[in-house]
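Load the model in your viewer and keep the selection panel open. The stops below are in the order in which to select them.

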Amino acid sequence: MRFDGKVALITGGSRGIGRAIAQGFAARGATVALHYKGNHEAAEATLASLDGVGHMLVAADIADAAAVADMVQRVVERLSRIDILVNNAGIYEELTLTEASYEDWAAHFRRALQVNLAGAANASYCAARHMIANGGGRIVNISSRGAFRGEPNAPAYGASKGGLNSLGQSLAKLLAPHNIFVGTVAPGFVETDMAAERLARPDGAEIRRQSPLGRIAKPEEVAHVAMFLASDGAEFTTGTIVDVNGASYLRA
């Protein structure tokens, strides 16, 4: 896979899966616009790790619709185009209905839906409008196996990722005539900072044993699938959701 001459905007690109995706695209010739929210130090470190030249950082709160539109505009002004959008930015919070107050429950859903779903939808809108004018492009969403298996301790996360799956399929149908192709990656647990606390619990070993491989995914393994979905030749996969969970959860 090569992405020479392409511009890829990666949201949540400073750490974990986003960092691996940004590094993968840069190593294959893309110019990367690396989005982050507030951790400038981590973003700078990731930027410095990218192969090639011409990459940029772009800070924005994905939960803020106006900030998302400004983010896309800044990338287009600086790099002239966006060929690939990877909606990777996301949050994971645990909360159970039986123990939470109603106020906490409502806030739990508001935060997850604003970032994980509305943020991706807004970024897709802004980038797709540019892609339509520019002759086409690719959108890749990073979802989760939690959209399928249920997340009783993080219901807003599971619901938001289920919505993201549906959004990707809807946009795949809508945007195909405009030469824009949309794919979704649904990982299980991945070796990232976001998963570290969960994996450090007493049942961390059991989580690893959920896969017959006896481990969880590496960020680079998720990145590989994201790059495939964005590559030339993968157009007929549009609308697909690819599981990257090491057979830890199998769906019909």
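Helices (H or I, at least four residues) and strands (E, at least two) are DSSP runs, numbered from the N terminus. This is a predicted model, in which local features need pLDDT of at least 70 and side-chain atom pairs count only at pLDDT 80 or more, while totals for chains, interfaces and linings use all residues. Residues are numbered from 1 along each chain as its sequence is written, and side-chain values use heavy atoms, with hydrogens and water left out.

**Stop 1: H4 and H6**

Select residues 102-134 for H4 and 155-175 for H6; the two pack at an angle of about 20 degrees, with their axes 9 Å apart. H4 is therefore roughly parallel to H6. Angles under 35 degrees count as roughly parallel, over 145 as roughly antiparallel, 65 to 115 as roughly perpendicular and the rest as oblique. The axes are lines fitted to C-alpha atoms, for helices over the stretch in contact, and angles run from 0 to 180 degrees between N-to-C directions.

Now show side chains. On H4 the contact (heavy atoms within 4.5 Å) includes Trp-105, Phe-109, Leu-113, Leu-117 and Ile-132. On H6, Tyr-157, Lys-161, Leu-164, Leu-167 and Leu-171 are among the residues that take part. By class, this contact of H4 with H6 has 17 nonpolar, five polar and one charged residues. Here Ala, Val, Leu, Ile, Met, Phe, Trp, Tyr, Cys and Pro count as nonpolar, Asp, Glu, Lys and Arg as charged, and the others, Gly among them, as polar.

**Stop 2: the sheet**

Switch to a cartoon view. Seven strands form an open sheet with parallel pairing, in the order E3-E2-E1-E4-E5-E6-E7; two strands pair if DSSP finds at least two bridges between them. Select E3 (56-59) and E7 (241-244): these are the edge strands, each with a single partner strand, so one side of each has no neighbour in the sheet. From one strand to the next, the twist averages 20 degrees.

Next, select E1 (residues 7-10) and E4 (residues 84-87), which run parallel and are joined by three bridges. Ile-10 has Val-86 of E4 as its bridge partner.

**Stop 3: helices on the sheet**

Select residues 65-79. This is H3, which lies across E1, E2 (31-36) and E3, at about 160 degrees to E3. Then select residues 219-229, H9, which lies across E5 (137-142), E6 (180-187) and E7, at about 165 degrees to E6.

Which residues of H9 are buried? They are Pro-219, Val-222, Ala-223, Val-225, Ala-226, Met-227 and Leu-229. Buried means under 20% relative accessible area, exposed over 50%, and partly exposed in between (1.4 Å probe, protein chains only). Their cover includes H1, E5, E6 and E7.

**Stop 4**

**Stop 5: two backbone details**

Select Asn-179, in the loop between H6 and E6. Its phi is near 65 degrees, a positive value in a residue other than glycine. Finish at Ala-247, in the segment after E7, where phi is near 60 degrees.
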